Amino acid sequence: MLAAEARIATERPTRYLVQLCKHFDNKGRHLTHRPRTHTPPNAPDIRPDQILVEWTDSDGTLRLPWGQCTLRATPGMLRVRVEAEDQENLGRLQDLVTTHIGRFSRRDPLTVDWNPSEATVDRPGEATPTRQRHGGRTKFVVIGMTTVAVALHLALGGTVLAQMSWTGWVVGFLATVVVMKVTLLGRLALHHHGRRTE
């Protein structure tokens, strides 16, 4: 396996680490739906489910079908390591990271200089970070809670409406209100969870 490393001097390493990881996690699908100018040259088509992004405030990992990128924020520096099976894929990862760092640091441009590195699975003496997988289980919990809330609202609404003589138009109105309310609460819960895990 081939590897390369870049040590990027910056006063805000955590900011760039989180921004890169969030970009690929939230918009990781961009690799499949953006114009070709956004993807590295000759990049293979990849599906969103082939992108895995995990991060904390100090460490991050991006896994793509053509390699892996590991990020580490240290005081005054963002360390980036890319690994791939061959030189072509290593170059793709380097271009991807360099392009995004350049875009994210337009106001105060950062320099990304790549150096060859030995490929290793784990480095002795370095702790493996506790990873946060954003999305996944939380979305299922929110969907489950939303389903329960809808069922309760419909049951209560049905009971009330069964007792009334003018149920025709009220059913449509209440169903619309319930759906809008549940949708809003679900989106707020997902948004709140996303901000809490940053």
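1. Contact here means heavy atoms within 4.5 Å. By that rule Ile-8 touches Gly-76, Met-77, Leu-78, Val-80, Ile-101, Leu-110, Thr-111 and Val-112, leaving aside residues up to four places away in sequence.

2. This is a predicted model: local features need pLDDT of at least 70, side-chain atom pairs count only at pLDDT 80 or more, and totals for chains, interfaces and linings use all residues. Residues are numbered from 1 along each chain as its sequence is written, and side-chain values use heavy atoms, without hydrogens and water.

3. The protein chain has five helices and six strands (DSSP runs: H or I of at least four residues, E of at least two). Their order from the N terminus is β-α-α-β-β-β-β-α-β-α-α. Among contacts in the chain between residues at least 6 apart in sequence, 66% join residues at least 24 apart.

4. Which residues touch the most other members of the largest nonpolar core? They are Ile-8, Leu-17, Leu-62, Leu-71, Leu-78 and Ile-101, in a core of 30 residues. Elements giving it two or more residues include strand S1 (2-9), helix H1 (13-26) and helix H3 (87-104). Such a core is a set of buried Ala, Val, Leu, Ile, Met, Phe, Trp, Tyr and Cys residues joined through side-chain atoms within 4.5 Å.

5. His-23 is found in helix H1. His-23 counts as buried because its relative accessibility is 11%.

Note on methods: Buried < 20%, exposed > 50% of the residue type's maximum accessible area, 1.4 Å probe, protein only.
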